[in-house]
Amino acid sequence: MHIVVVGANYRSCPIEVRERLAFQADQLAAAYAALREHVGLAESLILSTCNRVEIYANATSPDGAAARLASFLGAHSRLDPQVLRPQLYTHAEPSSIEHLFRVAGGLDSMVLGETEILHQVKRAYEQAQRHGATGKVLNVLFQKALNAGKAIRAQTGISRGCRSVGTVAIELAQKIFGDLRPYAVLLAGTGKIGELVLKRLSARGVSRVRVLNRSLDRAQALAAFYGGQAYGLEALEGQLLDADIAVMSTASPTALLSRAQVAAVMQARRQRPLCLIDLGVPRNIEPSVGELDNVYRFDIDDLQGLVDHNYERRRQALQASQAILERKVNGFLSWWQEETQGCAQRVSSGLVAAP
Amino acid sequence: MLMVIVHTVCSLLSYAAFLVGFVSGVLFLIQERQLKRKHMGVLFRRLPALGTLDRWNLLAIGIGFALLTIGLVCGVWGSHRLLGVWWRWDPKELLAVALWGSYLVLWVVRARATLRGRKVALLSILGFTLVLFTFLGVSRWLPTWHAYL
């Protein structure tokens, strides 16, 4: 018995190929039936996400199974086998096991340590179980993999880092408000980073979006896209009364918000907390605004500083993850060895019939 | 006797609620400081958001205040029923009323949003020192009828 994996990810092939390889939820029943009956696998599991499509299997011989799985993927994607083959990778144990544990831990992800993949692995496992595709070996393997993924994240903090100014800004806003859904966002200026932050905030489901710009057309275009309203820049102070998060990224040569202005705004909004993210260079907000009560001001240097800090921590986390990974893989391998030996012994002692 | 039990239980539970208010106040101050100093340490990631801590604080103080009110009313009433006096000018009684007043003020200030964030957190910490003194300090340092600790 062998644990093999055949698949493709964002490194091995472009998005066009991954799109063709991907399995939709309603295709899974047929796919698992085919894997069982035509490919002849006792146990199998399909992991299909936007960054990877992989099939894990418990097979009697690794080579034959890998080749059959590759043909199965070729047939499913309707891609020329000549084209597809070089873009697929194949692992047999122990590297197939290490590969899965790395995937579950987010170490094989495009954004190192991202947590989404752990949910996706879990979901894939549950779906496979529901289709009756997994047995004892894959059950133990995936439970251990999920456990390893959790351990890596909990013990190394690899997922907690941030990669960009945008994600740091979101994390800060979340540490002020918690769930961002009931809150309103104001974007002043239509610069690229500003829009990126707005995009991320909007993905977090903020309730209201306002876009302010010197030229109203640009503001309107952006506001329409994010389902918000557009205003001229002169509306800034008035709009601040209503906003909870204000992202400033105008090219104004002088500060648009002085300490006195923000102090007056805070009084008028009855000290409701205000998060100011100043992406402008030169800065759009006077730095001393951050000293006001219930005002949290971050400029581009603050955000950049947090990104760099995180990068170093993540590098350290990666090393720590490697150690956990090895331990967890060895843990599974010793179970696996006992399992296969135990099985062989039972066969030789005549307790069960040879498969 | 029932009055005395309700009085004791409600008073103790109100202290517990004020303790929750105190803890969330302390955590709020720590988290706020990290945000203002732009420091994302381990603590920063572990602590809940300011908004969450603020809500806990509001809830804890609201519940604590309600319980304390019930406790006080039952205390006064029980005293009248058992001892025939409404009020004995006991230091603990005075402090408990002062405590009730302070949390009333804190609740009103918080609910009307005259003060927010750090200042409310500070006040709830201050309020809890009064709780500690009422709960533990009185029987040690002042002559009282409520000497059981």
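Tutor: Helices and strands are DSSP runs, a helix having at least four residues and a strand at least two. Please keep in mind that the model shown here is predicted.

Student: How many helices and strands are there in chain A?

Tutor: Chain A holds 13 helices and ten strands. Its radius of gyration is 26 Å, whereas the globule rule gives 20 Å for 355 residues, so chain A is more spread out than a compact globule.

Student: What box do the C-alpha atoms of chain A fill?

Tutor: Along the principal axes, the box is roughly 90 × 40 × 30 Å.

Student: Which domains does the domain assignment give for chain A?

Tutor: Such bounds come from an automatic or database domain assignment. In chain A, residues 2-160 form domain 1 and residues 165-306 form domain 2. Over C-alpha atoms, the centres of domain 1 of chain A and domain 2 of chain A are separated by 42 Å.

Student: How should I read burial and contacts in chain A?

Tutor: A residue is buried when its relative accessible area is under 20%. Of the 355 residues in chain A, 51% are buried. For contacts, consider those between residues at least 6 apart in sequence: in chain A, 71% of them join residues at least 24 apart.

Student: What is the accessible surface of chain A, and how are its charges placed?

Tutor: The accessible surface of chain A is about 16,000 Å², and carbon and sulfur atoms account for 52% of that area.

Student: Let us turn to chain B. What is its secondary structure?

Tutor: Chain B has five helices and zero strands. Along the sequence, its pattern reads α-α-α-α-α. The C-alpha atoms of chain B fill a box of roughly 60 × 30 × 25 Å, again along the principal axes.

Student: How many of the residues of chain B count as buried, and what do its contacts show?

Tutor: Chain B has 149 residues, of which 45% count as buried. Among the contacts in chain B between residues at least 6 apart in sequence, 73% join residues at least 24 apart.

Student: What share of the accessible surface of chain B belongs to carbon and sulfur atoms?

Tutor: Carbon and sulfur atoms make up 75% of an accessible surface of about 8,000 Å² in chain B.

Student: Finally, how far apart are the mean positions of the positive and negative charges of chain B?

Tutor: For the 16 positive and 4 negative charges of chain B, the mean positions are 11 Å apart.

How values were computed. Residues numbered from 1 in each chain as written. Chains lettered and ligands numbered in written order. Predicted model: local features only at pLDDT ≥ 70, side-chain atom pairs only at ≥ 80, totals over all residues. Heavy atoms only, no water. Rg over C-alpha atoms; globule rule 2.2 N^0.38 Å. Buried < 20%, exposed > 50% of the residue type's maximum accessible area, 1.4 Å probe, protein only. Contact = heavy atoms within 4.5 Å. Areas by Shrake-Rupley, 256 points an atom, 1.4 Å probe, with all protein chains shown as cover. Lys, Arg positive; Asp, Glu negative; His and termini not counted. Charge placed at Lys NZ, Arg CZ, Asp CG, Glu CD.
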